[in-house]
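Here is a friendly walk through one protein chain, from its overall make-up down to a few single residues. Have the structure open beside you as you read.

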Amino acid sequence: MTQDRTPDRPAGRPLVAYVLPVHNEAGGLAAFHEALLVATDKRPDLDFEFIYVDDGSRDGSLDLLLDLRAADARVTVLALARNFGHQIAVTAGLDAAAGRDAVVVMDTDLQDPPEVSLLLIETWESGADVAYAQRRTRRDSSFKRGTAYAFYWLLTRMASIDIPRNVGDFRLMDRRVVDEVNRYREHDRFLRGIVSHVGFRQEAVPFDRDPRYAGSSSYPLRKMLKLAADGILGFSTFPLRMISRLGLFISFLSLLGALWVVWVRLFEPDRAVPGWAFIAVGMFLLGGLQLLMMGVIGSYLGRVYVETQDRPLYSLAMMARGRDRQGSL
C-alpha cells in the first residue's frame, strides 16, 4: 500500500510506530507531540516513527503536522483526500506502518496519555502480541458514560467473539497482528472487533483516561451510533435471529387469539364485544414490527452491497515521510 521508507537508524533495534489519527486537532497538536516526545525519550533503546493521519481537517492541522515533519524526520504525515472517518484513518496509518516491529494506535487529544503507551510497550516486550489500554476511569459526561455502558453490555451479549469492555482503539499490536488486521478490508469497520477476531495473545493495561486537552470530540452522537451499529452488525447475526424468534412469538400469540375467538363464538357468544379498536391497534403494531424487521434486514443487505462494490477504503492526497514528500497517490 505504501513504500517502506524509514529514517536512518541503527540496525537491530526494534522500531515502534505510532499511528495517530487527526481531525481538527490544531489546538492541541503541539502539546500532544511534545508529551509524546517526552514519553518516548524515556526509551532510548527503541526507535520510533510517528505516523500522523490527517482525516480531512479544516482547521490548519495539516500545516502543523508538516511543520512537525520538517523538524523531525521520524514524523510521517498522511493526508486523506477527504474526511473518511476515524476507523478508516487508523486503517490508513496501519497500512503505512506495515513491517514495523510494533504499532501503537492512539488519539491525539491527550485523553490517551502518551505515558501509558510505554506500559503497552513493556507488556509487548513481556510476550503479549496485543496490549490494549482498558479504561479504569473516564472523565466524560453522564450521558456518554451511560451510553458507553449500554453499548458494551449489548455488544457482550450479541457479538460472536469476546470484545473487551471499556476498551477503545488505544492499543499496541505486534507486527504479526498488524499484518493480519491489514487483511481485513471491510468498509464499515470496527477495529477493536477486528483485533479481537484475529486472536493472538492479548492483555489489558488499565489506565485512567484524561479529559480532552482542546477542541471538541469528532465523535458526535450520530457517529457513535454508527460505530455501535458497525460493532453489532459486523460481529453478530443476533438481530437476524431475533427477527425469527419475534415472528414465531407473534405467530404463537395470533394462534392463541384465534383459539380464544373460536371459543367465545361457540361457547360464550354473550361475551363477544363488537368493535374495531383492538384490530386497528393490532394492525399498527404488526405493521411497525414488520418495518423494524425490514430495517434490520436492510442494514445487513446494505453492508453486503457496499462490500460488493469493492471500492478503495480511502484516497491519499499526500504522503510525507522522512526526508521524502510525495504528491497524490
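A residue is called buried under 20% relative accessible area, exposed over 50%, and partly exposed in between, using a 1.4 Å probe and protein chains only. By that scale Asn-24, at 31% relative accessibility, counts as partly exposed. Before going on, please note that this is a predicted model, in which local features need pLDDT of at least 70, side-chain atom pairs count only at pLDDT 80 or more, and totals for chains, interfaces and linings use all residues. Residues are numbered from 1 along each chain as its sequence is written, and side-chain values use heavy atoms, with hydrogens and water left out.

**The chain as a whole**

The protein chain has 10 helices and nine strands; these are DSSP runs numbered from the N terminus, with helices (H or I) of at least four residues and strands (E) of at least two. Of its 329 residues, 45% count as buried. Taking contacts (heavy atoms within 4.5 Å) between residues at least 6 apart in sequence, 81% join residues at least 24 apart.

**Cores and a cavity**

A nonpolar core is a set of buried Ala, Val, Leu, Ile, Met, Phe, Trp, Tyr and Cys residues joined through side-chain atoms within 4.5 Å. The largest one holds 36 residues, and Val-16, Tyr-18, Phe-50, Tyr-52 and Ile-121 touch the most other members. Another core, of 31 residues, lies apart from it and includes Leu-78, Val-103, Val-167 and Val-198.

Points are joined across faces, edges and corners, and the volume is the space filled by probe spheres set on them. The count comes to one cavity of 30 Å³ or more, and the largest cavity has a volume of about 50 Å³. Its lining includes Val-90, Asp-169, Arg-171 and Leu-191, and helix H3 (86-96), strand E6 (167-174) and helix H7 (191-198) each supply at least two lining residues.

Helix H3 deserves a look of its own: 11 of its 11 residues are buried, so H3 is largely enclosed by the rest of the structure.

**Single residues**

His-23 lies in the loop between strand E1 (15-22) and helix H1 (29-40), and at 18% relative accessibility His-23 counts as buried. The C-alpha atoms of His-23 and Val-53 are separated by 8.5 Å, although the two are 30 residues apart along the chain. A polar atom of the His-23 side chain also lies 3.0 Å from the backbone oxygen of Asp-55.

Asn-24 sits in that loop between E1 and H1 too. Thr-76, in strand E3 (residues 75-80), is buried at 1% relative accessibility.

A polar contact is a pair of N or O atoms within 3.5 Å; within protein, one must be able to donate a hydrogen and the other to accept it, and residues adjacent in sequence count only if both atoms are side-chain atoms. Two side-chain pairs are listed here.

| Side-chain pair | Polar contact |
|---|---|
| His-23 and Asn-24 | 3.4 Å |
| Thr-76 and Glu-49 | 2.8 Å |

Which backbone angle of Asn-24 stands out, although Asn-24 is not a glycine? Asn-24 has a positive phi, of about 55°. Phe-200, not a glycine either, has a positive phi of about 70°. Phe-200 lies in the loop between H7 and strand E7 (202-209) and is partly exposed, with a relative accessible area of 36%.

Notes. On a 1 Å grid over the protein atoms alone, a cavity is a set of points where a 1.4 Å probe fits but cannot get out, and a pocket is an open set with protein on both sides within 12 Å along at least five of seven lines; lining residues have an atom within 4 Å of a point.
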